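Please look at the sequence and the structure shown below, and keep both in view while reading this report.

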Amino acid sequence: FDGSTDGFVLTGGEALPMASPGLKLTNQIRDPALRSPKGLALDGAKGNLVIVRLTRTKAGGAWDGTLFYSTANHPEAAGFRAVAYLGGNPPLNQVTTLAYDMTALAEGGGDWTSSLIDQIRLDTDDDIGGSFIVHQIAVVQKP
């Protein structure tokens, strides 16, 4: 995120580009969700690792951190989600790297790896008042 939201929107809050690289999120309702633009057309077999680098600048309730996704065959839903295997609950004011292994979903089996991914969604804190700087969201192939 370098001076732009790159099409990402925060449902339930505000997402603003920063002067230095990053996307500032301010959660204004419970269970806010950061969504990528639709139409990503990511090959889930090749992009099977999602990496999120962020800094939690203010806590707003319990950390969620769930990553949801949608395809042409299904919308985002609890049955298609991942939890970070690296990064967990980000401490305040420290850059944290979250890693989501999309070959080992919390729910959804092998759906990600056999699909074209249309959109991704990241849930941050569960409550009002949390703020974050998202430095990067990358979808890559596991080494």
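Pro17 has Leu23 in strand S3 as its bridge partner, and this contact belongs to the pairing of strands S2 and S3, which are joined in the antiparallel sense over five bridges. Two strands are said to pair if DSSP finds at least two bridges between them, while the strands themselves (E, at least two residues) are DSSP runs numbered from the N terminus, as are helices (H or I, at least four residues). The model is predicted, so that local features need pLDDT of at least 70 and side-chain atom pairs count only at pLDDT 80 or more, whereas totals for chains, interfaces and linings use all residues. Residues are numbered from 1 along each chain as its sequence is written, and side-chain values use heavy atoms, with hydrogens and water left out.

The pair S2 and S3 is part of an open sheet of five strands, which follow one another in the order S2-S3-S11-S6-S9 with antiparallel pairing. Strand S2 (13-17) and strand S9 stand at the edges of this sheet with a single partner strand each, so one side of each is left without a neighbour there. On average, neighbouring strands of the sheet are turned by 30 degrees against each other, direction ignored; the axes behind this value are lines fitted to C-alpha atoms, for helices over the stretch in contact, and angles run from 0 to 180 degrees between N-to-C directions.

Strand S9 (residues 95-101) is mostly covered, since five of its seven residues are buried, where buried means under 20% relative accessible area, exposed means over 50%, and partly exposed lies in between (1.4 Å probe, protein chains only).

The charged side chains come next. Side chains of opposite charge can pair when their charged atoms come close. A salt bridge is counted here when a side-chain nitrogen of Lys or Arg lies within 4 Å of a carboxyl oxygen of Asp or Glu, and by this rule the count comes to seven salt bridges.

| Salt bridge | N to O distance |
|---|---|
| Asp127 and Arg30 | 3.8 Å |
| Arg35 and Glu76 | 2.5 Å |
| Asp123 and Arg121 | 2.7 Å |

The salt bridge of Asp127 and Arg30 links distant parts of the chain, because Asp127 is in the loop between strand S10 (116-123) and strand S11 (131-140) and Arg30 is in the loop between strand S3 (23-27) and strand S4 (33-35), 97 residues apart. Asp127 is partly exposed at 28% relative accessibility, whereas Arg30 is exposed at 57%.

In the salt bridge of Arg35 with Glu76, Arg35 lies in strand S4 and Glu76 in the loop between S7 and S8, so the pair ties together parts that are 41 residues apart in sequence. Arg35 counts as buried at 18% relative accessibility, while Glu76 is partly exposed at 22%. Both residues belong to a network of salt bridges that also links Arg121 and Asp123; of these, Arg121 is buried at 13% and Asp123 is buried at 2%.
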